[in-house]
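Work through these exercises with the structure open beside you. Try each task before reading its solution.

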Amino acid sequence: MLPPIDFNGIKEKVSFQLRPWQRSFQFWVRAIDIYTGYKVFQVRVNFEKDVQKQEAMWERQHELAADKIFAMCSDLGGFFLKIAQIIGKPDLAPAAWVRRLVTLCDRAPATPFHIVKLVLENELGQSIGDVFERFDMEPLGSASIAQVHRARLKGDQGDVVVKVQHPGVQDLMMTDIHNLQAFALYMQKTDIKFDLYSVTKEMEKQIGYEFDFLREAGAMERIRKFLYENNKRSPVLVPQVIRDMVSRRVLVMEYIDGIPIMNLGDEIAKRGINPHSKVAAAAKQKILQSLTLAYGQMILKSGYFHADPHPGNILICKGSEVALLDYGQVKDLPEQLRLGYANLVLAIADGDPLRAAESYRELGIETLSKCENELQELFKLAATMFDTKLPPGVVMLQPFSEESSIKKVAVQSFPEELFSVLRTVHLLRGLSVGLGINYSCAEQWRPIAEEALYRAGRLKGGTITLA
């Protein structure tokens, strides 16, 4: 075994990282600037009575804010790249934000190769030349926690992907999360009547898991086994782990050839297919169905699921097959929440406001409503949070507008454990909007939810028994 690495020393060599106090200062200066910019604008826009001029003013404000958010996420990197992935979705954020933030999925600065080599050889206990026949110095991509390189093991004919953690990144990302938690507390007391703090606490727990590649390898193997055993043909491809080549900071896995889902439109056009043709629509439909089936089975049947389906983690392979990458964020739902969510899925699919309200109570989601048509608003909120379907004519949900259900029904308490489900559904919705397909995951998941409740003895003759 090679002598251990001084990771603190390496951290100083990675020029893109700032010290924790510098990152905190940068975050608060920029976040306050963006927030106050919108508050001042809200006062100013009220003086303009012409609706079209108001819309033009909002578009300019969103573009200005998008530039500032992009600069903050790009300059600070780390956890802020994940924030960009969450908010930069076409169904949630203003179009100007999406246009700027969608390019940030794999834009983290790469760790220099000489440091990658040092980490790799220390973790595997051998030199690169002894292990690999070929190792590409240029990474395939670099994300917030790690970067990946294509390589070939000695004696093998197929390629592998080598995932190497950025040294020193964990402490800095934890600093980012704690700053975000403080900002979330302020926002939920002033503008957004939603339990944002619980959401950020769950994010802190999930991100903490991502620094252990041994855990990720185990998650990848468990999900791969579940999907391959529960289907004649797995709805998504899961890379196979090279088991004797995994450590806490290095993970070697099978290389899967495909194109990022973000490049699907360009690839279709390159092949001479009309992006608006029936052939293109059928391919997109198949891709979305495969992802939805995989997630329905993982969440409702197993409770153990891949919790990070952002576009950077999805590849499209030959025959419109889908590969799901990066198992750093997985979630193991407690049985009560898994079945409670199955009940909510049926309520949404059936358009049943009363059952949705009962499901909210079972899941531990506490709401405070002083509006008329409380049950209907609660149902709209449930569909907004936990289904992918957009109302007719709507291309962006704008959940924090004055007319939204989230403003009318204050969410006082939201179980941290459910955040991963919420985030997964919203990422699936973002993908569906990006592909131009409006569909309901709740309707597609109905048979899986019914099976889950039936197996638990809670569905008899079409009647659900609450726990």
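This is a predicted model: local features need pLDDT of at least 70, side-chain atom pairs count only at pLDDT 80 or more; totals for chains, interfaces and linings use all residues.

**Exercise 1: The whole chain**

Task: state how many helices and strands the chain has, what share of its residues is buried, and what share of the contacts between residues at least 6 apart joins residues at least 24 apart.

Solution. Start with the elements. Helices (H or I, at least four residues) and strands (E, at least two) are DSSP runs, numbered from the N terminus. The chain has 18 helices and 15 strands. Now burial: of the 467 residues, 52% are buried. Last, contacts, meaning heavy atoms within 4.5 Å. Take those between residues at least 6 apart in sequence: 71% join residues at least 24 apart.

**Exercise 2: α2 and α8**

Task: describe how helix α2 and helix α8 pack.

Solution. Two packed helices are described by the angle between their axes and the distance between the axes. Axes are lines fitted to C-alpha atoms, for helices over the stretch in contact, and angles run from 0 to 180 degrees between N-to-C directions.

- Distance and angle: the axes of α2 (residues 20-45) and α8 (residues 169-190) come within 9 Å and cross at roughly 30°.
- Direction: angles under 35 degrees count as roughly parallel, over 145 as roughly antiparallel, 65 to 115 as roughly perpendicular and the rest as oblique. The two helices are therefore roughly parallel.
- Hand: a crossing is left-handed if the near helix is turned anticlockwise from the far one by less than a right angle, and right-handed if clockwise. This crossing of α2 and α8 is right-handed.
- Residues: α2 brings P20, R23, S24, F27, W28, A31 and Y35, and these meet residues of α8 including L172, N179 and F183.
- Classes: Ala, Val, Leu, Ile, Met, Phe, Trp, Tyr, Cys and Pro count as nonpolar, Asp, Glu, Lys and Arg as charged, and the others, Gly among them, as polar. The contact of α2 with α8 has eleven nonpolar, four polar and two charged residues.

Now look at one residue there. Y35 sits in α2. At 17% relative accessibility it counts as buried. Leaving out residues up to four places away in sequence, Y35 touches F183, Y186, M187, T190 and D191.

**Exercise 3: α2 and α3**

Task: state at what angle α2 and α3 cross, and where H62 lies.

Solution. The axes of α2 and α3 come within 11 Å and cross at roughly 180°. That makes α2 roughly antiparallel to α3. Their contact divides into 13 nonpolar, six polar and six charged residues.

H62 lies in helix α3 (residues 51-76). Its relative accessible area is 16%, so H62 is buried. H62 touches Y38, P94, A96 and W97, not counting residues up to four places away in sequence. Y38 is 24 residues from H62 along the chain, and their C-alpha atoms are 8.8 Å apart.

**Exercise 4: α14 and α15**

Task: find the hand of the crossing of α14 and α15.

Solution. Helix α14 (residues 353-363) and helix α15 (residues 374-386) have axes that come within 9 Å and cross at roughly 65°. That makes α14 roughly perpendicular to α15. The crossing is left-handed. By class, the contact of α14 with α15 has twelve nonpolar, one polar and no charged residues.

**Exercise 5: Positive phi**

Task: state where S320 lies and what its phi is.

Solution. Most residues other than glycine have a negative phi. S320 has a positive phi of about 60° although it is not a glycine. S320 lies in the loop between β9 (314-316) and β10 (322-324).

Note on methods:
Residues are numbered from 1 along each chain as its sequence is written. Side-chain values use heavy atoms; hydrogens and water are left out. Buried means under 20% relative accessible area, exposed over 50%, partly exposed in between (1.4 Å probe, protein chains only).
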